[in-house]
Amino acid sequence: TWGVGKTFMDQFNEDEYAAEREQNQYFPFASKPDWEMASYILRSDLSMAEIDEYLNLEFTKTLPLSFRSSRELRGRAELLPAPPQWKYQKITTEFPTTKTLQIFYRDAIECLQSLLSHPLLAASFDFIPCKVYESAERAVRVYHGFMTGDHAWNLQKDLPEGASLLGVVLSSDKTKVSNIAGNRYAHPLLVSLANIDPGVRAKGSLHAYIPLALLPVAKFLHRNKRMHGVLADCLLHQCIDLVVEPLKQAARLGVMMSDPWGFSRYCFTPLVAYVADTPEELVIACATMNSSPVTMATCEDFGDPIRHPPRDGSSTLANIAAIITSISPSNLIPFFEACKHYNLNGVDLPFWRNWLTANPSSFLTPELLHHLHKMFWDHDRLWCTTVVGSQEIDFRFALLQVCTGYRAFKEGISALKQATGRDHRNVQRYIVGVIAGAAPADFISAIQALMEFRYLAQAPHFTDKQVVDLDRCLKVFHRFKQSIVDAGARRGKGGGDKPWAIPKLELLQGVVPSICSHGAVMQWSADPTEHAHIKVVKEPARAGNNHDYDAQVCRHLDRRDKVERFDLALQMCAQEDYERDEDNEGGLVQHFIKDYFACARCPVT
């Protein structure tokens, strides 16, 4: 550490209204009941009209509240200590769009400081990369969090002496915010730290992923509709580049930040993980849809039993630079056609190009929700249904005796619509036993190998032996995968056998290397980020008036953050007062006993 920094309460007490709270700790509200009512209303999804309707009830008017309208309530909420502030900036593009583009974002360093200072996360931080072994002989490595992997160890070795590594984790995914009609989408960008314990980061209630930006979702007016996707990809990189610029500077030069215990640290912020679904990973890696985002494999190679060479970021940048020497990116269609020869998607300025140590083949980690569970639902389930028959497999599922904690599928699974990730997991629990006796033995072996691979890959920690077992499962699948074709489960529309052009199958080859470099892959699941989208985008959007979604979402998030931080500070103050009272009571008892024995030692006169 480098001296004394600031804790959460230090930052809270530096607010401009700190003097007012010395007299009334609930300022700008009059009392504890007044604050509790305000907190409840502000945390709810009630619209301003609904809040006014409630405050105008005769019963509510009898309550001693310091506010009588939603506007006055929100005005008082603005006086609460502020979290990292939202900003906005207009985005200019070379090609026209249907509307003016704006990006709403927060300072990335302030967001990381907010995570570092959060009292509920204080016990879960790890700043020291380490190599963990099962025994003193150091024969068997153990991998769990990011700090136990080789990548954290190598990054720390390149930092100045005494510096701290803050591994930046980003996540983004486009999600629909309008209900039924409207066709409105939001594209939130979330940030977290790999230093946080994986078990804590996976809990949505602890808010270890916080919103960093709302990326604009644009509709371009280019005459060639094929270029609309290329322009959207370029816009995504342009916006992320703007938002993460402070993190890039901190990765190069370092920045002083306060840790959870109030000490100052000299921190560096490399990008170590980007959690996204497969299509977004391809956009981030600047790769086309028929190639892998992390290796040089193309669709013809996705079924190979080996891992192909990694898609190194430097080679991607070199290919882009070579194309630019002859074709300008402004000449969009020829530039895109030239990029296709290198399996590139036409982005000329990737956001990670000048982020020190950032490499897509490294920070695009395996993601369990889409790479494992979604792959099972899209492929394994269909193979089993084709081989066994939809009626037979539904009949077998209907006969299963349900155990506590397991879901029943009394109607079968062949006609199941809008299945969630939980449904995918529940079906996986049964599938091998359901198809036993109704499918060829080699086919069952192939499915069982994949199921065992998925099961083992979800472990919270790994030893070297478990890593070998995981790799063996994938090899077993490739040994028996021809049986899936022989059983007729890979028939194309023309009657011939379909090639193994399954991107997620190729991505499974990266699970074992990722465990050794980044720790257990369970920590990079999109489950907590998908859950965060509900709190970050969908609920705030529903609380608005269906106009200016991004601006209203940011205002809602700002108010909610203020309420949560203020409530947390009040709880900490109450805890400090309680501990102080206990100490005072203990001091009185001790003082009384001390005086008693002092009197006993006095000579009798």
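Modeller: A residue is called buried when its relative accessible area is under 20%, exposed when it is over 50%, and partly exposed in between, using a 1.4 Å probe and protein chains only. In this predicted model, buried residues make up 49% of the 605 residues in the protein chain. Residues are numbered from 1 along each chain as its sequence is written, and side-chain values use heavy atoms, leaving out hydrogens and water. As the model is predicted, local features need pLDDT of at least 70 and side-chain atom pairs count only at pLDDT 80 or more, whereas totals for chains, interfaces and linings use all residues.

Colleague: How many residues does the largest nonpolar core have?

Modeller: In soluble globular proteins, nonpolar side chains tend to be buried together. A nonpolar core is a set of buried Ala, Val, Leu, Ile, Met, Phe, Trp, Tyr and Cys residues joined through side-chain atoms within 4.5 Å. The largest one here has 62 residues, and Leu 170, Ile 240 and Trp 355 are among those with the most contacts inside it. Helix H10 (residues 226-243) gives the most to this core, with 8 residues; helices (H or I, at least four residues) and strands (E, at least two) are DSSP runs, numbered from the N terminus. Beyond four places in sequence, the contacts of Trp 355 include Val 168, Leu 170 and Leu 271.

Colleague: At what angle do helix H16 and helix H17 pack?

Modeller: Two packed helices are described by the angle between their axes and the distance between the axes. The axes are lines fitted to C-alpha atoms over the stretch in contact, and angles run from 0 to 180 degrees between N-to-C directions. H16 (residues 368-388) and H17 (residues 390-399) pack at about 105°, with their axes 6 Å apart. H16 is therefore roughly perpendicular to H17, since angles of 65 to 115 degrees count as such, under 35 as roughly parallel, over 145 as roughly antiparallel and the rest as oblique. Cys 384, Thr 385 and Val 388 in H16 meet Ser 390, Glu 392 and Ile 393 in H17.

Technical notes. Contact = heavy atoms within 4.5 Å.
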